[in-house]
Amino acid sequence: MKRLVLMLFVLCMMFSTTVAAEEDYNWIEGGQPVDLGGIATVDLDPEFIFLDAENTKKMSMDYGDPVSGLEVGSIFPTDENATWAVFFDYEESGHIKDAEKEKIDAKALLKSYKEGTEEANKERQPGDRFYVTGWDIKPFYEEKTHNLTWSMLLEDENKETFLNYNTRILTREGNISVILVTDPQNREADKKLLDEKILSKFKVNDGKKYEDFDKSTDKVADYGLTGLILGGAGLAVAKKAGILAVILAFGKKFGIIAVAGIAALFGFIRKKKRNNQSTGSDDSLNQ
């Protein structure tokens, strides 16, 4: 669902900039805490801007991407040289037990991803296909923070490499999905930025934390860490390969260079920020 948002935003930015300029999103400036759906907060870095749940959903709908209803926010940079974004979802899946923390079978998971992608490629046209080639980061679980992280390497038919970097933060009754969208050239720097400037300032609210689980009242999910890596309940295998691969597939089809499109998106955001600042507003980036 939300993995298509940026792709559609990029396409519309390239072909419909006039329409995009008329949209009205409530951009919240950094330097203050921002709420993620009442489940968690992030102390937003001064160099970032934020869309809350409703504005993230609105952006998705405005560009033709059906919302999942799970969106709780998104973060973008104001650095004119940056080409990344972070999307947050919250799924009340039930409490996910971490009993598999020492038994995550990365080899079997990779095989499942590869087979699922190959099957999905049968429905794609030449030029739109992509392939899972291996792990960028094998799945690992941090028991102290209850974070599950993995990063998948993908490539297109021209052997260009992309990645899908995922973090799942377990909570009392579900999990928060953190999706980093970036380009291959900046992936290491952007993963470091995610860890140091976003996840380090991320806090699950009291009463919603993993350790607040009450077995006498709270629902338990019918899958564990492996199931979460494979998409949780009800997600199609074809959607597991990640937003960059989707951007690439559509970008090739329409003759668009994905990174240039992402840069156009952030150029648009920065322009709106500058226009807003020139009017003297300091609370939000209202277009």
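Trainee: How many bridges pair β5 with strand β6?
Mentor: Four, and the two strands, β5 and β6 (residues 85-91), run in the antiparallel sense. Strands here are DSSP runs of E with at least two residues, numbered from the N terminus, and a pair needs at least two DSSP bridges.

Trainee: Is this a predicted or an experimental model?
Mentor: It's predicted, so to speak of local features we need pLDDT of at least 70, and side-chain atom pairs count only at pLDDT 80 or more, while totals for chains, interfaces and linings use all residues. Numbering starts from 1 along each chain as its sequence is written, and side-chain values use heavy atoms, with hydrogens and water left out.

Trainee: Back to β5, then. Which residue in β6 partners I75?
Mentor: V86 is the bridge partner of I75.

Trainee: What about β4, how does it run against β5?
Mentor: Strand β4 (residues 48-52) is antiparallel to β5, with five bridges joining them.

Trainee: New topic: which residues lie nearest the centre of the second largest pocket?
Mentor: K144, T145, H146, N147 and I169, out of 19 lining residues. A pocket is an open set of points on a 1 Å grid over the protein atoms alone, where a 1.4 Å probe fits, with protein on both sides within 12 Å along at least five of seven lines; lining residues have an atom within 4 Å of a point.

Trainee: Which strand gives the most to that lining?
Mentor: β9, with four residues. β7 (130-142), β8 (147-156), β9 (161-170) and β11 (202-204) each supply at least two.
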